[in-house]
Amino acid sequence: ILLGANRLIRLLTNELAGRMVDRLGSEKPLVAAVIIGASITVSYALCRNFWWLLAARILWGGCWSILRVEGYLAALNLATNRNRGKIIAVYQAITRSGAGGGVLIGGFLCDLVGIKPTFLLFSFISFCGVFLVFPAYRKQNAVIQPTEKEHKAGGKFQVGKTEFSLWLCVLTISMTDQMIANLTGRLVADRIAPALPFHLGTASLTGLLLSVRIAGTLLFGPFLGILSDRVGRKYLLLATASLQIIALLLLIMTNHWLLLIFSLALHFIAAVGSRLSIYILAGDRAPRQNRALFMSRFSTFSDIGTALGPIVGFSLYAALGFSWAALLGLVLMFFTAFIIIRGSLFEK
């Protein structure tokens, strides 16, 4: 409940964050989100009451809605049509590094100094982010804001076939990625670990396989971003979706431990490209006068897919087995490819 609360509340707070940033600008909501988010981290160290922690997690979900949309706005403001893929890829690599590094360093620190000092240290680091916001926005106000004022309408943007196609694609991509990622441990325990010709713990192998997702973003993300700028979003998204389809077919059809490991790695790396491509495409389509609201609604559909993935995946696994969860992922990625080929996403 505590780990899911911040994700569920984002289905509401993403919309509120987008409207707030479009209306108030970026600086004030971002500073508030950094300060409140850092304060929440302090509260983890000071109180262990369930209801207090639940309230803190819900509040953190609202802060993350603002932090995420501000991050994408910063990337979009820095980017042009020629390098948007590269800029968004670098942004995602930075955030993935923070997420992965926080988990890794936090785990070691908890063992070394305890959980309370670790939370207090992380909250201090978060507070320091405030001092990075002001100079960044002074520079932005001097360079970007004058051109943006002409476009600052604050009105509504039209939601049409293209927007629905974009939202459906990010939902299916996120849901498939989360289903396979969350079931990796079960696949390792059921099919891979028992067949290994050497001894390796199930948890260790699962961790190594899941680390491919973060390593793929760091190693291949910027390259894929540059590639999308060169060859186009459609071809990169279609290629990565096709690789995911091949990987899912292999996961259904084979029981050999080496092929299963290869299939999982292929799926995770291809999923990095699919997620990156769809986010770059969202940046291409975001109307200048409503970028925050557009990206917030886009993120809401990503969050829906992220939330549904573990629920649906584990339900299918419990009732019918892993292959049926992989089969659903296969159907979802075929549907994604169909939208890419036949939809209006790439129409000018």
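## Terms and model

Buried means under 20% relative accessible area, exposed means over 50%, and partly exposed lies in between (1.4 Å probe, protein chains only). This is a predicted model, where local features need pLDDT of at least 70, side-chain atom pairs count only at pLDDT 80 or more, and totals for chains, interfaces and linings use all residues. Residues are numbered from 1 along each chain as its sequence is written, and side-chain values use heavy atoms, without hydrogens and water.

## Confidence

The average pLDDT (the predictor's confidence in each residue, from 0 to 100) is 84 for the protein. A score of at least 70 is reached by 91% of the residues. Residues 143-153 fall below 50. Where pLDDT is low, the predicted coordinates should not be read in detail.

## Thr41

Thr41 sits in helix α2 (residues 27-46). Thr41 counts as buried because its relative accessibility is 14%. Leaving out residues up to four places away in sequence, Thr41 touches Phe119, Phe122 and Ser123. Contact here means heavy atoms within 4.5 Å.

## Nonpolar cores

A nonpolar core is a set of buried Ala, Val, Leu, Ile, Met, Phe, Trp, Tyr and Cys residues joined through side-chain atoms within 4.5 Å. The largest one has 54 residues. Ile192, Ile278, Met295 and Phe298 touch the most other members. Among the elements giving two or more residues to this core are α3 (50-78), α4 (84-113) and α13 (322-342).

Phe298 contacts Leu166, Trp167, Val170, Ile278, Tyr279 and Ala282, leaving aside neighbours within four places in sequence. A second, separate core has 8 residues, including Ala17 and Cys63.

Key. Helix = DSSP H or I, 4+ residues; strand = E, 2+ residues; numbered from the N terminus.
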